[in-house]
Amino acid sequence: EQVTLSPVMGLYLSSLRNAKADPVAGTNPDENYARQVMQLFSIGLVQLQPDGTLKLDSAGLPIPTYNQTTISQMARVFTGWGFFTTQTNATLRNARADYINPMKLYPASHEPGTKDLNPVLSTVIPANLGGTEDLKLALDALAFHDNTSAFISRQLIQRLVTDNPSP
């Protein structure tokens with residue numbers, strides 16, 4: 001959560017000032033952080049066995065951990081977060097830059113609808129819970145996903161012990 005709400009990370013991976021979809025303007029939430037939080041920080045690109053070896057489908061190919069639908073739904077979770085401020089009447093777009101404090105939720109810019117993270121994360125986030133609760137539920141779903149422990153463990157071993165760890 002601290003990484004997700006870091007304004008520096010938000011700027012780097014474009015979740016800072018990420019607004020809900022606007023059908024009139026034809027815009028959708030930015031999907032970059034949604035993709036990266038899964039690919040780099042939690043479940044990885046492909047499904048792994050508990051020992052870190054690849055899970056393969058019937059054709060012998062690695063099984064992806066998520067798809068474009070999951071990315072689009074997850075992106076909706078990361079809407080409405082902007083710079084922290086104590087200014088009155090500040091909005092997602094006009095709050096002064098504050099790179100020290102965690103990002104603040106601007107409810108008017110957060111996507112209130114249901115976020116269907118099934119079947120990948122076995123989670124459906126109900127509508128109208130609010131951005132803080134949406135964020136908690138999505139991050140918990142990633143943390144408790146079957147692939148997270150094997151993926152993170154493998155990454156740590158590769159960085160701290162050996163480039164090519166054995167099972």
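Guide: A contact means heavy atoms within 4.5 Å. In this chain, residues 24 or more positions apart account for 57% of the contacts with a separation of 6 or more. The model is predicted, so local features need pLDDT of at least 70 and side-chain atom pairs count only at pLDDT 80 or more, while totals for chains, interfaces and linings use all residues. Residues are numbered from 1 along each chain as its sequence is written, and side-chain values use heavy atoms, with hydrogens and water left out.

Visitor: What pattern does the chain follow along the sequence?

Guide: The pattern is α-α-α-β-β-β-β-α-α, with five helices and four strands. These elements are DSSP runs numbered from the N terminus (helices: H or I, at least four residues; strands: E, at least two).

Visitor: Why is Phe-78 called buried?

Guide: Its relative accessible area is 3%. Buried means under 20%, exposed over 50% and partly exposed in between, with a 1.4 Å probe and protein chains only; Phe-78 is therefore buried. Tyr-33, at 2%, also counts as buried.

Visitor: What makes Tyr-33 and Phe-78 an edge-to-face pair?

Guide: Their ring centres are 5.0 Å apart and their planes stand at 90 degrees. Rings of Phe, Tyr and Trp (its six-membered ring) pair if their centres lie within 6.5 Å; planes under 30 degrees apart count as stacked, over 60 as edge-to-face and the rest as tilted. The pair is therefore edge-to-face. Tyr-33 belongs to helix α2 and Phe-78 to the loop between α3 and β1 (81–82), so the pair ties together parts 45 residues apart in sequence.

Visitor: How do you know the type of the pair formed by Phe-83 and Tyr-99?

Guide: With centres 5.1 Å apart and planes at 80 degrees, this pair is edge-to-face too. Both residues lie in the loop between β1 and β2 (104–105), 16 residues apart. Phe-83 is buried at 3%, whereas Tyr-99, at 42%, is partly exposed.

Visitor: Which residues have the most contacts inside the largest nonpolar core?

Guide: They are Met-38, Met-74, Phe-78, Leu-121 and Leu-142, in a core of 32 residues. Helix α4 (131–143) is one of the elements giving two or more residues to this core, and α4 gives the most, with five. Such a core is a set of buried Ala, Val, Leu, Ile, Met, Phe, Trp, Tyr and Cys residues joined through side-chain atoms within 4.5 Å.

Visitor: Why is Pro-119 called exposed?

Guide: Its relative accessible area is 66%, so Pro-119 is exposed. Pro-119 lies in the loop between β3 (115–116) and β4 (124–125).
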